[in-house]
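User: I'd like to go through this model with you, and I'll keep asking what stands behind each label. Please set the values against the definitions as you go.

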Amino acid sequence: MDDRQPDVDPDVVATAEDIAAMRIRGAATIADAAAEALATQAERSQAKRPAAFQRQLRVAAKTLYETRPTAVSLPNALRYVLRGMDGETVAELRDATIARAEEFQRELAQAQASLGAVGSNRLRDGDVVMTHCHSTDALSCLEAALEDGKEIEAIVKETRPRKQGHITARRLRELGIPVTLIVDNAARRYLDEADHVLVGADSIAADGSVINKIGTSGLAVNARERGVPVMVAAQTIKLHPDTMTGHTVEIEMRAESEVIGDEERTDITGGASDDGLTVENPGFDVTPPRYVDAIVTERGQFPPESIVTLMRELFGETTGDPWEQ
Ligand code: RI2
C-alpha cells in the first residue's frame, strides 16, 4: 500500500454503511461497533510508517463519524480509541489501538450493567413501565429489576416510523415480561396505567436536555401532566461534551421513504412532478430537563439539571475532533 493514500478497510466501510442504514442502531451498539471497526482498521493496516498508520485510523474514524449526527456515543467512542493510539512504531501503534478499543468495549458493557442496577432501584415490585423506541440501556434496568426478583409489566409504544418498539416488545417477551403493545397515539390514554416512563438517550446536553427518539418529548410532557415519573437510562458516553461550550446537538433528518412509499405519495398527490408535498422525518427530538425526573447512569442517578457537573468531571471543558487533524 502507498503510505500517502490512506485506505479505509472494506469492513470499516461496511460498518459505516450499516450504521447509516440502521442495520446497526442504538447509541451504545453504534459506539461498540465503531470501536470494533477501528480495531479492525488497526489490525489490517498495511501502513509502513507510523504517520501513515495514524492517518489511516483518522480517516477510518471520520468515515464512521459522518454516518449519523445525533448520537454522541459515536464521536465519544472514536475519540476514546484514537486517544489511546500511542507508540513509536507501527506495531506499537497497532497493539495500543486494538487494546484501547477492547478496553472501550469492556467498559461499555460494564457501564450498561452498572446503570441497570441503579435503574432497578427506582422500580418496585409490580410496576408497569411505558417504553419508547428500543434502548439497550433502558432494557438493562428492566433486566436488573427481574434479577432483583421484581415483577414488571410493560406498555410498549410501537415508535413510528421504524417501529423499534417491536424490538423492545420482542426482547421483553424473551425475558418473560408481559407486554401491551400500543400505537404512539394511544400513549396518553395508557399513561394512567403506567408507574414510570422509561426511555434511553442518544445525547444528553449540558443543561440536562435529553435528545432521544422522535416522540420522546411529547411523551414526557404528557407523563408530567399525568404525574408519571420519567426515567432516562443513559450511560455517560451519551453525555455530549460540545454542549458545555454552547454547541447544539444536530438532529438527524432521515429519508422520506421511512414515512411514505411511492404509491402512497402518488395517492396523495396524483403523481404530479411538482406536487407540493414535503415529508419531514426527524429522527430525534429534545426533551427539556423540567420534564425529566432522573437520568440514570453507571455513576448513579442525577437530576437532569446537575448532569453538567458529571460532564465536566468526565470530559473537561473541551474535546476536539482528532479525525480532522
Ligand atoms: P441505547 C436509539 O436511536 C433510540 O433513540 C434509543 O433510545 C437510543 O438509540 C439509545 O439506545 P436509533 O439508533 O444506546 O434507533 O440505549 O435511531 O441502546
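User: Which members of the largest nonpolar core touch the most other members?

Analyst: Some ground rules before that: this is a predicted model, so local features need pLDDT of at least 70 and side-chain atom pairs count only at pLDDT 80 or more, while totals for chains, interfaces and linings use all residues. Numbering runs from 1 along each chain as its sequence is written, and side-chain values use heavy atoms, with hydrogens and water left out. Now the core: of its 35 residues, L38, F53, L57, L64, L78, L82 and F104 touch the most other members. At least two residues each come from α1 (10–20), α2, α3 (50–65), α4 (73–83) and α5 (90–121), and α2 gives the largest share, nine residues. There's also a second, separate core of 31 residues, with A186, A194, L310 and M311 among them.

User: What makes a group of residues a nonpolar core?

Analyst: The members must be buried Ala, Val, Leu, Ile, Met, Phe, Trp, Tyr or Cys, joined through side-chain atoms within 4.5 Å.

User: Which residues is F104 in contact with, leaving aside neighbours within four places in sequence?

Analyst: Those are A31, D32, A35, A77, Y80 and I237. Contact here means heavy atoms within 4.5 Å.

User: Why is α4 called largely enclosed?

Analyst: Because ten of its eleven residues are buried, where buried means under 20% relative accessible area (exposed is over 50%, partly exposed in between; 1.4 Å probe, protein chains only). The buried set is S73, L74, P75, N76, A77, L78, R79, Y80, V81 and L82. They pack against α2, α3, α5 and α11 (307–315). Helix labels like these follow DSSP runs (H or I, at least four residues; strands are E, at least two), numbered from the N terminus.

User: What does the domain assignment give?

Analyst: Domain 1 (10–113) and domain 2 (121–249 + 282–315), with bounds that come from an automatic or database assignment.

User: What makes a hole a cavity rather than a pocket?

Analyst: On a 1 Å grid over the protein atoms alone, a cavity is a set of points where a 1.4 Å probe fits but cannot get out; a pocket is an open set with protein on both sides within 12 Å along at least five of seven lines, and lining residues have an atom within 4 Å of a point. There are three cavities of 30 Å³ or more. The largest has a volume of about 170 Å³ and 19 lining residues, with R25, G26, A27, H134 and D202 nearest its centre. Both domain 1 and domain 2 supply at least three residues of that lining.

User: Which residues line the second largest cavity?

Analyst: T131, H132, C133, H134, S135, A138, L139, L142, T168 and L198, around about 60 Å³ of space. α6 gives the most, three residues.

User: How many residues of the second largest pocket's lining are charged?

Analyst: Six, next to five nonpolar and five polar. Its volume is about 270 Å³, and of its 16 lining residues Y65, P69, P75, H240 and E250 are closest to its centre.

Terms used:
Points joined across faces, edges and corners; volume = space filled by probe spheres on them. Nonpolar A, V, L, I, M, F, W, Y, C, P; charged D, E, K, R; others polar.
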